[in-house]
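Morning, everyone. Please have the model up on your screens while I talk.

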Amino acid sequence: MAAVTDVLTRAEAGAALAGDEALALADCTDLDAMMRVAAALRDRGHGALVSYSKKVFIPLTQLCRDVCHYCTFAHPPRPGEAAYLDPEEVLAIARAGAEAGCKEALFTLGDKPELRYRAAREALARLGYATTLDYLAAMAALVLKETGLLPHLNPGIMTADDLARLRPVSVSMGIMLESAAERLSRRGGPHFGSPDKAPARRLDCIDVAGKAAVPFTSGILIGIGETRRERIEALLALRDLHERHGHIQEIIVQNFRAKPDTKMADAPEPDRADHLWTIAAARLVFGPEMNIQAPPNLMPDAIEAMIAAGINDWGGVSPVTPDHVNPEAPWPALETLAARTAAAGKVLVERLAIYPEYVLDPPRWLDKRLHTPALRAIDAQGLARPDGWIAGAGMPIPPSPGSLRSRSLRAGEGIAPILDRAWAGETLTEAEIVRLFAARGDEFDLVCAAADRLRQEVNGDTVSYVVTRNINYTNVCYFRCQFCAFSKGKLSENLRGRPYNLDLAEIQRRCEEAWERGATEVCLQGGIHPEYTGATYLSVCRAIKKVTPGIHIHAFSPLEVWQGAKTLGRSLADFLAELRDAGLSSLPGTAAEILDDEVRAVICPDKVKTAEWLEVMEAAHGVGLRATSTIMFGHVDHYRHWARHLLRLRELQRRTGGFTEFVPLPFVPMETPISLKGRSRLGPTWREAILIHAVGRLALHPLIPNIQASWVKMGPDGIAACLDAGCNDLGGTLMNESISRAAGASFGQEMPPEAMEELIRGLGRTPRQRTTLYKDAPPDRIAASFGAAPLSEPVNTPARKYDRPAAE
């Protein structure tokens with residue numbers, strides 16, 4: 001048998017414990033040492049986060065064919081009491097949960113009561129179902145359809161056929177192993193008379209669930225007569241199954257509570273030390289990554305201690321329904337749980353019934369019918385969206401993501417070295433940037449504050465903007481980007497609006513009007529029209545310069561440049577030089593979306609690849625054309641993709657110095673094909689939308705000095721938050737804006753200089769009207785921009801050839 005001290009040393013070093021090493025823990029009496037190592041492992045896997053699921057508890061039936069000697073949830077049929085909740089009762093509970101902000105519908109029920117009780121069989125027949133699991137499948141589907149709550153099912157032993165029937169209506173399922181000790185099922189044991197509590201049957205069910213790729217919950221119940229060695233044997237049995245299938249998403253360590261009117265009413269309950277010992281042992285057996293859970297209501301005086309012992313999850317907590325299995329133990333109020341979690345130096349975060357690592361891989365772990373509701377409920381980390389805010393939708397901003405803070409700065413210790421390296425201008429690693437994106441609570445505040453201090457050092461308190469006019473010259477496009485609601489035509493997947501193609505005279509008219517209204521810049525972009533060639537883009541530049549020679553032409557994304565060069569058979573450098581000589585002054589950094597081909601394969605598979613976008617930008621910089629850089633985020637991407645995007649921009653900027661600014665563009669989902677099909681998230685959360693500006697400031701320092709916020713997508717209140725998180729620029733006044741509006745954004749088409757400066761001054765900053773390249777705007781331009789005449793009605797020349805015929 002391995003020595004306990006050696007086992008702890010190996011575990012602390014990150015080694016997976018062999019079976020005999022884990023069993024040696026049964027003799028460990030140094031609880032402090034076990035907890036210290038367990039907490040370090042937990043921190044390695046989960047950092048500062050402790051999660052919970054906001055649930056509503058639906059006890060579909062309390063009849064059960066088993067007779068566990070400690071249970072008061074299950075009981076025999078009672079006169080005058082329905083055997084099952086009827087559909088209306090189920091929906092009433094679920095709707096109350098949805099009203100309270102719950103996201104999980106926990107169905108807990110007795111195991112196959114129809115095999116024991118005639119009353120159950122008759123009740124099922126009246127309801128129109130043959131078995132309890134048939135009825136459960138129907139009720140889970142009903143709750144999902146009517147309320148949007150995501151079902152988690154605890155129905156007892158399930159076969160492969162049962163799992164196949166229930167998987168399409170639930171995001172996760174579970175069954176407690178409780179114990180692997182067969183002797184507890186013998187006469188005199190707590191499971192005697194309960195055929196479904198046989199460890200072999202339960203382990204077989206968990207194994208079958210793994211083969212079916214069901215995200216699964218299991219765990220042990222301590223204090224029912226098992227030894228510490230038997231607890232570890234149960235944990236090892238679960239670990240073996242998880243290593244085989246990877247499907248066990250959490251291990252619950254639940255302490256027995258003696259209840260009146262049960263055969264174990266006088267049995268001793270496990271004390272605090274025994275409970276903490278078992279939590280620590282579970283962490284040591286499973287290592288850093290596993291989610292180790294302990295219910296907070298069953299040992300409420302040990303909240304902080306359980307965190308110190310290695311848990312990272314509290315399980316489901318309901319603001320609506322009691323714990324029907326332990327009705328004597330009320331759930332803690334979420335505010336109290338958050339405060340006590342914070343007192344232990346951690347941040348309480350909400351998750352779904354399905355854990356992040358599983359919901360982020362829906363093709364493997366979820367039935368197709370559940371992809372959309374799951375995606376719409378999560379952030380880019382796979383945790384629950386904490387509020388209903390959507391970029392561009394005009395919604396009130398939610399409370400600060402830093403509002404549930406720890407009482408000390410312990411939560412910031414893990415990111416302080418990263419912030420120091422960013423401040424020093426060092427290149428952060430992908431993992432370090434991902435860590436910053438995961439900041440919540442105090443850490444969110446620290447990241448934003450660090451970015452804002454850096455902004456103060458680099459830019460002072462001046463906030464710049466440019467008077468510009470957006471000209472989207474055509475919305476006809478032969479690409480089929482899944483995030484785009486702007487393009488129209490026979491290949492378009494979104495039919496709002498009619499296809500158009502501006503003639504040169506209308507482009508010139510808009511440029512002349514922009515000049516008269518004080519613009520220093522026109523920004524031109526559009527769809528990739530199938531009849532356009534590189535000559536089209538050259539003619540646009542020449543036409544503009546003919547009527548407004550002093551205006552800066554900021555035009556043509558890398559996609560347009562790539563396509564234009566290809567149609568003329570030119571190299572990128574040669575074509576860009578021609579554009580420059582025709583009047584092009586700089587490039588917008590759009591079409592970047594996410595500079596990672598894993599994401600581009602989903603959202604824009606026929607668009608330029610990451611390397612091609614970077615190649616265009618490097619060639620542009622090489623011929624003296626500066627460019628902006630952007631990221632369009634919050635759809636199917638994750639933090640690692642955002643980190644790679646920033647690192648690729650930084651590396652190109654290190655070589656060329658050609659980027660003027662970094663502009664985060666939150667995905668506006670409302671009318672986009674990918675969102676309408678249910679294949680994306682609902683854009684970034686408020687926390688993520690603010691944080692990407694802060695992390696952009698830190699990760700790109702000192703190479704890209706300007707961080708811009710999009711007022712079209714963030715709105716005035718969002719702009720205020722971004723200016724406190726590292727931003728120093730508000731982009732353009734726009735005059736016309738079509739792309740975000742087509743996606744559903746509601747913040748308008750123009751923010752004139754008067755409104756822009758009023759907003760900036762109202763936030764205690766100093767406005768500065770600038771040029772595209774961040775010089776001061778000329779005085780005559782500034783004077784012309786204030787009090788400008790209203791815009792004339794734009795003329796969008798119909799492109800009738802590209803109209804889709806009306807549906808018959």
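**A serine, a helix face and some rings**

Let's start with Ser 785, which lies in helix H31, residues 779-785. Helices here are DSSP runs of H or I with at least four residues, strands are runs of E with at least two, and both are numbered from the N terminus. This is a predicted model, where local features need pLDDT of at least 70, side-chain atom pairs count only at pLDDT 80 or more, and totals for chains, interfaces and linings use all residues. Residues are numbered from 1 along each chain as its sequence is written, and side-chain values use heavy atoms, leaving out hydrogens and water.

Is Ser 785 buried or exposed? Buried, with a relative accessible area of 2%. Buried means under 20%, exposed over 50%, and partly exposed in between, with a 1.4 Å probe and protein chains only.

What does the Ser 785 side chain reach? It makes a polar contact with the side chain of Gln 769, at 3.2 Å. It also reaches the backbone oxygen of Ile 782, at 2.7 Å. A polar contact is a pair of N or O atoms within 3.5 Å; within protein, one must be able to donate a hydrogen and the other to accept it, and residues adjacent in sequence count only if both atoms are side-chain atoms.

Next, helix H15, residues 368-375. Its buried residues are Leu 370, His 371, Ala 374 and Leu 375. Seen down the helix axis, these fall within an arc of 125°, so they line one face of H15. That arc is taken from the directions from the axis to the C-beta atoms. Remember, an α-helix has 3.6 residues a turn, so residues three or four places apart point the same way.

Now the rings. Rings of Phe, Tyr and Trp (its six-membered ring) pair if their centres lie within 6.5 Å; planes under 30 degrees apart are stacked, over 60 edge-to-face, the rest tilted. The count comes to 14 aromatic pairs. Take Tyr 473 and Phe 556: their centres are 6.3 Å apart and their planes at 65°, so this pair is edge-to-face. Tyr 473 sits in the loop between strand S11 and helix H19, and Phe 556 in the loop between strand S13 and helix H21, so the pair ties together parts 83 residues apart in sequence. Tyr 473 is buried, at 1%. Phe 556 is buried too, at 1%.

Lastly, Phe 437, Phe 633, Tyr 639 and Trp 642 form one aromatic cluster.
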